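Welcome, and thank you for taking a look at this one. Below are some numbered points to read alongside the sequence and the structure.

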Amino acid sequence: MNALSIRSGFIDHMGIELLRAENGESEVRLALSSQHLNSWEVMHGGVTMALLDVALSTASRSVAPHGTGVVTIEMKTSFMQPGSGEMRAFGRLLHRSTTMAYCEGEVRDAKGKLVAKAMGTFKYLRRLAVGREVHEQRHHGEPSGD
């Protein structure tokens, strides 16, 4: 399975770059710009959580059969210190069942300082029902439908 092929307009808009996703581990990078900052001019907490969500979910998806995606069931985040500059997030699969994945991860700044930690639960899906519609994941190279 190629976790690098998943398309997400949100992730692209944020500028999150997937560096590695294999064997239940992942690494993503984000070079912070003004749009990622809060009023203190450090990384906004929502950006931190988005970065962690991508890292954890990608780690869980890296061991799933082709065509399987994940949705976040819950995620707990602890913020250690403000983030600035280039951020890296690391995800690691702790346990997997047929339908669920349990992961942990962290965000570190360019100097390697711990910015935030997270634990999350993800559900494996092949299709996502939204109301009466069934959605499939989009991959790079496929039309977006926009």
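1. Let's begin with a term: two residues are in contact when they have heavy atoms within 4.5 Å. Setting aside neighbours within four places in sequence, Leu56 is in contact with Met75, Phe90, Gly91, Cys103, Glu104, Gly105, Ala118, Met119, Gly120 and Phe122.

2. A word on the source: this is a predicted model, in which local features need pLDDT of at least 70 and side-chain atom pairs count only at pLDDT 80 or more, while totals for chains, interfaces and linings use all residues. Residues are numbered from 1 along each chain as its sequence is written, and side-chain values use heavy atoms, with hydrogens and water left out.

3. Leu56 comes up again in the core. A nonpolar core here is a set of buried Ala, Val, Leu, Ile, Met, Phe, Trp, Tyr and Cys residues joined through side-chain atoms within 4.5 Å. Buried means under 20% relative accessible area, exposed means over 50%, and partly exposed is in between (1.4 Å probe, protein chains only). The largest nonpolar core has 26 residues, and Leu51, Leu56 and Val107 touch the most other members. Two or more residues each come from strand E2 (25-31), H2, strand E3 (69-79), strand E4 (86-96), strand E5 (100-108) and strand E6 (114-125). Which element gives the most to this core? That is H2, with six residues. Helices (H or I, at least four residues) and strands (E, at least two) are DSSP runs, numbered from the N terminus.

4. In H2, 13 of the 17 residues are buried, so the helix is described as mostly covered.

5. Now the charges. A salt bridge is a side-chain nitrogen of Lys or Arg within 4 Å of a carboxyl oxygen of Asp or Glu, and the count by this rule is eight. One of them joins Glu106 and Arg108, at 2.6 Å from N to O. Salt bridges with shared partners also link Arg20, Glu25, Glu27, Glu86 and Arg88 into one network. Glu106 is buried at 18% relative accessibility, whereas Arg108 is partly exposed at 26%.

6. Glu25 pairs with Arg20, their closest N and O atoms being 3.5 Å apart, and Arg88 pairs with Glu86 at 3.4 Å, N to O. Glu25 is partly exposed at 35%, as is Arg20 at 27%. Arg88, at 25%, and Glu86, at 30%, also count as partly exposed.

7. What does the charged end of Arg96 sit over? It sits over the ring of Tyr124, 4.5 Å from the ring centre. The rule asks for NZ of Lys or CZ of Arg within 6 Å of the ring centre and within 35 degrees of the ring normal.

8. Finally, two backbone spots to check. Most residues other than glycine have a negative phi. Asn23, however, has a positive phi of about 50°; this residue lies in the loop between strand E1 (17-22) and E2 and is exposed at 71% relative accessibility. Glu41 has a positive phi of about 65°, sits in the loop between E2 and H2, and is exposed with a relative accessible area of 62%.
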